Amino acid sequence: MTSIQAEEEIVKTMEDKRKKEQSLFRKLIKNRLAAFGLIVIFLLIITAIFAPLIATHNPNTMDVTKALLGVGEQGYLLGTDNFGRDIFSRIVYGSRISLIVGIAAVLFGAVIGSLLGVVAGYFGGKLDSVIMRFMDGLFAFPFILLAITLMTVLGQGLINVIIAIGIANVPGFARVVRGQVLGVKESEFIEVTRSLGAKHRRIIFQHVLPNSLAPIIVYATMSVAGAIISEAALSFLGLGVQPPTASWGSILKDGKDFLVLNPNMATFSGLSILITVLSINLFGDGLRDALDPKMKV
Amino acid sequence: MTEAILKVRNLTKHFHLDSPIPFKKSDQSVKAVDGVSFDVFQGETLGVVGESGCGKSTMARLVNQLIAPTKGTVELNGENLVDMNKERLRVFRKTIQMVFQDPFASLDPRKTVGELIAEPLVIHKIGNKTSRKERVKELLEVVGLRGSHSGRYPHEFSGGQRQRINIARALALNPDVIICDEPVSALDVSVQAQVINLLKKLQKDFNLTYIFISHDLNVVRYMCDRIAVMYLGKIVEMGTYKEIYEDSKHPYTRALLSSIPKESPNEVKERIILSGSVPSPINPPSGCHFHERCPFAMEICKIKSPKLIDVGNGHQSSCHLLELENNPLEAIPTKKKEEELKCH
Amino acid sequence: MSDMLLTVENLEVQFRSGSTLTKAVNGVSFSLNRKENIGIVGESGSGKSVTATSLLRLIPDPPGKITGGKIIFEDKDLLKLSDKAMRKIRGNEISMIFQDPSTSLNPVYTVGNQIVESIKTHQHLNRKEAKEKAVHMLELVGIPEARKRFSMYPHEFSGGMRQRVMIAIALACNPKLLIADEPTTALDVTVQAQILNLMKDLQHSIDTSIIMITHDLGVIWETCDKVLVMYAGNVVESGTVQEIYDNPLHPYTWGLLDSQITESVSSEEELSTIPGSPPDLSLDISGCPFAARCPFAEEICLKKTPEMIEAAEGHFTACHFQTKEHRLDRKEEKVDDRSNIKS
């Protein structure tokens, strides 16, 4: 039949067109800043994984005789801190803490926040009001105070840092996801699925969530940067990971007392935070542009 | 005619408006559908026409229980769907399916065509993976696409093809009744004709019953056996397509028909141009909702709402003019009268 | 020739997005006399709206660009004018009404304010005079209680009323040309009848030519003198409305006319259709753009783009098989099997 042939033709031309269109990754790479961000993030992950191979010294070995050395002195790439520990190695190991806390805390916040957001947005009504007012309350609570309270209750430690920062991330995700779900919920295909007799669980997990994913991913990426800063801030206040474990925030904190004598400690740990956060944000921006529905996903 | 497969009685939906004062229930409500009753017979197509805001889409969603009605009953094969428990309703959903207007918005962009068409089967736990795959292939071929297309995503198809996919999905459960909510109004003319032909063919092949909702009077005339004309939540006239198009007894239907654009540059059309547009359903006019725009409005129309009166041949109309001895509407020529004149 | 208001020659418009280049309008030519109405009919993606918007140079750039042709409006080539000179023409000598009346008015200003603004941009009137003129325009387009409605906001108007306001704004400066881009598509049938009636009435009282863009042939029969049939960025046929209806020549026009559902189509017979969908304009099309869907297509159609020829006086068409010497027969048995074409 000719009509079948014609249909086939349309599908073929559509396919040709698809091939011409660029994949998400291509679009990302084309954006130079995003590509830069991606490369830095990649290097950072490599550094964290292979920290023992990259570090030139044991990050926790103290040698007071070699305290506060300058850049490059006696084979210490970035000098030493007040206890004579190699700053370069401490920063390399610190990247582990930053990445673990950044990713784990955001995951924690994303899972709980998204669930709450989906439920609030999808079912609406009283449930929505209760959940979102609670989130508003959480938002209004000063983060540092929240963290201090939690640390006091739970005690210090990596896991507790993750939980504290994770909880602080929950309301943000809940809001983003709820807003997204409110939009997707009104789509005709959701009504279609309801008319087929599907249960809520199926509609939420098969249709609503997958279609809300793009902004969640972008928000999560940006949140990792925020979580890394939060971790540094907590460590700076002495609420973070226990010493002597190296973390960028704690190196910065130690460095602030020796800012005049030896600015290397504060400078290099601060620079690490700066470059990491900047790269993640650049990457996140690029990701958002690439995922923008107006530019075709 | 055979037994009615679907009996709708006094179907009503009032949407309550949010009150401007918080925590206080508003007493304002929109009477989106207001006491609608009709029967649909096995194998026929019932057309529902009306302008935007007349409640035709809400009515469709009330019939298949996507929205719970405020009042009234919907009997499918003798069982009332209203107030039916959830599980039983899920079973009944199989027999009544829906095709929506927008071929772009009605397909989840993140699922393949195969997954979309198989979804009703998965929901109702019919068959296993292989049998579903077979069924999807078969359905795609039924609607004029290739079975090999099942792995593709909706955006790889044109508007007309997507509407075919929607139809395939609606057919998956072998339904008795399909409600088509403006299925062709988003399509181009040439593609529209393809989809209408397909719907007609499927009706014959599978003995389907359609409720066909549209604002396009020509499409409705072509598709439907019987037609219901809605205005502000009420059916104002109902009858076979011949009766409605050739011998309408309601001034609103007459006006609707006369506003169909010309068929050719030579045609001279006597138009009843209505003033204004459909009033807000929040505060509908008193009495007959149409009286403010009706060129024949009388005093009684402002006070009393007319009832649907049987005028013969299964043709019902609700207009106070029908109670008059010399109905001014009868003076206006209709197709039927023209033909009668020709015969004499 | 002083009767000539607008001549468009070989207009080409392209859109670029990333690496894809879409040839939305591909060499469109037509001319329009004073007080004449021309209709442009076509399916979505045929380039009819793009043609109209490019007459006012309102194509968003990027991604769009007018890449060739001439638009001669009263001896001026609009494509060569400066932006400033172009602004003087927009809304003053040529104005436009759009499809969706609910989004083309600014919701934060009163309706009257918006008409006054457009009047004051082009005419040297003080606020009071401009207001009088605006009220007059509202009365002209049939808005009851115009003085009261003047200070109301767009959301207090119905769709049909908003479209009337748009028409009032468009006609406020007595334009010589009014471009109406699907002005009734978003409206209900009874309201559509009102608006079309209004446009016809107004034309008798104001000397304005209209370019009516629509997908609905019925609207063309109602309002136009001449018609352009567009397909895939090309004009495939043009002529007077009467000619096109009585004696259409291009197979696409036949398909379009045949697939209309009108009162004379019996519900017993199957609707005739054009198989397939319009081509994707971002891909290179060689030959006649309609060849892939044309039941009469032969090898030449896939290779050579047909030229516009004058098949009868004032009636142009672009088809290899419609010449003065040789004609295709519309009722000819359609060749359903296109296997004779090598693609």
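The model is predicted: local features need pLDDT of at least 70 and side-chain atom pairs count only at pLDDT 80 or more, while totals for chains, interfaces and linings use all residues. Residues are numbered from 1 along each chain as its sequence is written, chains are lettered from A and ligands numbered from 1 in the order in which they are written, and side-chain values use heavy atoms, with hydrogens and water left out.

**Exercise 1. Identify which residues touch the most other members of the largest nonpolar core.**

Step 1. A nonpolar core is a set of buried Ala, Val, Leu, Ile, Met, Phe, Trp, Tyr and Cys residues joined through side-chain atoms within 4.5 Å. Buried means under 20% relative accessible area, exposed over 50%, and partly exposed in between (1.4 Å probe, protein chains only).

Step 2. The largest core holds 68 residues, and those touching the most other members are Ile115(C), Leu138(C), Val165(C), Ile167(C), Met199(C), Met212(C) and Tyr252(C).

Step 3. Helix 6 (residues 159–171) of chain C gives the largest share of this core, eight residues.

Step 4. A second, separate core has 67 residues, including Leu107(B) and Tyr231(B).

**Exercise 2. Describe the contact between chain A and chain B.**

Step 1. With contact taken as heavy atoms within 4.5 Å, 25 residues from chain A and 36 residues from chain B take part.

Step 2. Buried area is the accessible area (1.4 Å probe) that two parts lose on being put together, summed over both. Between chain A and chain B this area is about 2900 Å², of which carbon and sulfur atoms give 51%.

Step 3. A salt bridge is a side-chain nitrogen of Lys or Arg within 4 Å of a carboxyl oxygen of Asp or Glu. Two salt bridges are counted between chain A and chain B. Glu119(B) forms a salt bridge with Arg202(A), with the closest N and O atoms 3.0 Å apart.

**Exercise 3. Explain why the pair of Glu74(C) and Arg34(C) ties together parts that are apart in sequence.**

Step 1. Glu74(C) and Arg34(C) form a salt bridge, with the closest N and O atoms 3.2 Å apart.

Step 2. Glu74(C) lies in the loop between strand 4 (64–73) and strand 5 (76–77) of chain C, and Arg34(C) in the loop between strand 2 (20–33) and strand 3 (37–41) of chain C, so the pair ties together parts 40 residues apart in sequence.

**Exercise 4. Determine whether Asp83(B) is buried or exposed, and give its phi.**

Step 1. Most residues other than glycine have a negative phi. Asp83(B) has a positive phi of about 70 degrees although it is not a glycine.

Step 2. At 76% relative accessibility, Asp83(B) counts as exposed.

Definitions and conventions:
Helices (H or I, at least four residues) and strands (E, at least two) are DSSP runs, numbered from the N terminus.
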